[in-house]
Amino acid sequence: MSDSIQTNAALRKFDGKPSFRAAFPQAMQHVLAMLIGNITPPMLIAGTCGLTVEEKIMLTQAAMIIGGITTLLQLFPVFGFGMRLPNVMGVAFAYMPILTVIGQQYGIAAIFGSQLIAGFASIFIGMFIGKIRRFFPPIVSGTVVMSIGLSAAAGVLVGKAIGSEQMDLAKQYARRMILLSVFVTSAASFAMFLLRHTIVGAMSLGPEARGYLDYMLLILVFYSLAQAVNTPIIVGVLRGGGDTRFGLILEAAALWMGSILMGAVGAFVWKLPVKAVFTLLMLDEFIKCPFALWRYKSRVWLKNLTR
């Protein structure tokens, strides 16, 4: 009994040394959980872009090798990179639309090149996360993560139903996941609305900064509701049906030709106050909403990519 307790304790310590018998099943659990999620995106991208067999293998192997390297960096930090935790890393489905478009037009070399540049850009942005983290309390970041999770589930369910030629079932899955996202996000947004004064009060800010933060949280309440509609449609339903190009164009247009452009004009041309500029910068989800709903109702995303 004491040996079992010591083994369990060792498994929960970073510097613990559990026996091979205890460590091996834990390690395999992580590897197997990571494997499918890590090889699926490169395989889908390669298939959609019509890459050769050699390029498919190269893309998949690159995903596995980089996943292994970043996992080791998380375990054994180098120059400040890594969290010193046993966190298994891998690729993400979120980048599939843009990588698919890049691969279709420019090939596998452009896929690798764009990922390399994006990696350095992410490192640069990550250097400033600590300074802005206080403006995103757990209820905000948790809502975003939950919305993305529901969207990923919607993509899997819809894609599986379409692949098996069950179009009516795909429609049911899409509708249910959108409604679930809206329902859960509405509850979280309502909680954020009620707790926003408490959140602001917990910050060591001056009166003006408190006013700004309170207003930002109020805008985020409505922003999250629009995001609850857009994310399961664009990230889940449309991707599940292979309609990735529309989502890419809509998101890029709403962001760069919509909210960012209006925010820049409002700040530098119209000289609007801070709250008004912030409101303009948060309009991208509201701009996307009618177009996303129109695309969802058009049913053009019901395309079987396996045939």
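Author: Read along the sequence, the protein follows the pattern α-α-α-α-α-α-α-α-α-α-α-α. This is a predicted model, in which local features need pLDDT of at least 70 and side-chain atom pairs count only at pLDDT 80 or more, while totals for chains, interfaces and linings use all residues. Residues are numbered from 1 along each chain as its sequence is written, and side-chain values use heavy atoms, with hydrogens and water left out.

Reader: How many helices and how many strands does the protein have?

Author: Helices (H or I, at least four residues) and strands (E, at least two) are DSSP runs, numbered from the N terminus. On that basis, the secondary structure comes to zero strands and 12 helices.

Reader: What share of the residues counts as buried?

Author: A residue is buried under 20% relative accessible area, exposed over 50% and partly exposed in between (1.4 Å probe, protein chains only). Of the 307 residues of the protein, the buried share is 32%.

Reader: Against which helices do the buried residues of α11 pack?

Author: In helix α11 (residues 274–281), the buried residues include V277, F278 and L280. Seen down the axis, the buried residues of α11 fall within an arc of 160° (taken over the directions from the helix axis to the C-beta atoms), so they line one face of the helix. Their packing partners are α9 and α10.

Reader: Is A161 buried or exposed?

Author: A161 lies in helix α7. Leaving out residues up to four places away in sequence, A161 touches Q166, L169, A170 and Y173, where contact means heavy atoms within 4.5 Å. Because its relative accessibility is 2%, A161 counts as buried.

Reader: How far apart in space are A161 and N304, C-alpha to C-alpha?

Author: In sequence, A161 and N304 are 143 residues apart. In space, C-alpha to C-alpha, the distance between A161 and N304 is 9.3 Å.
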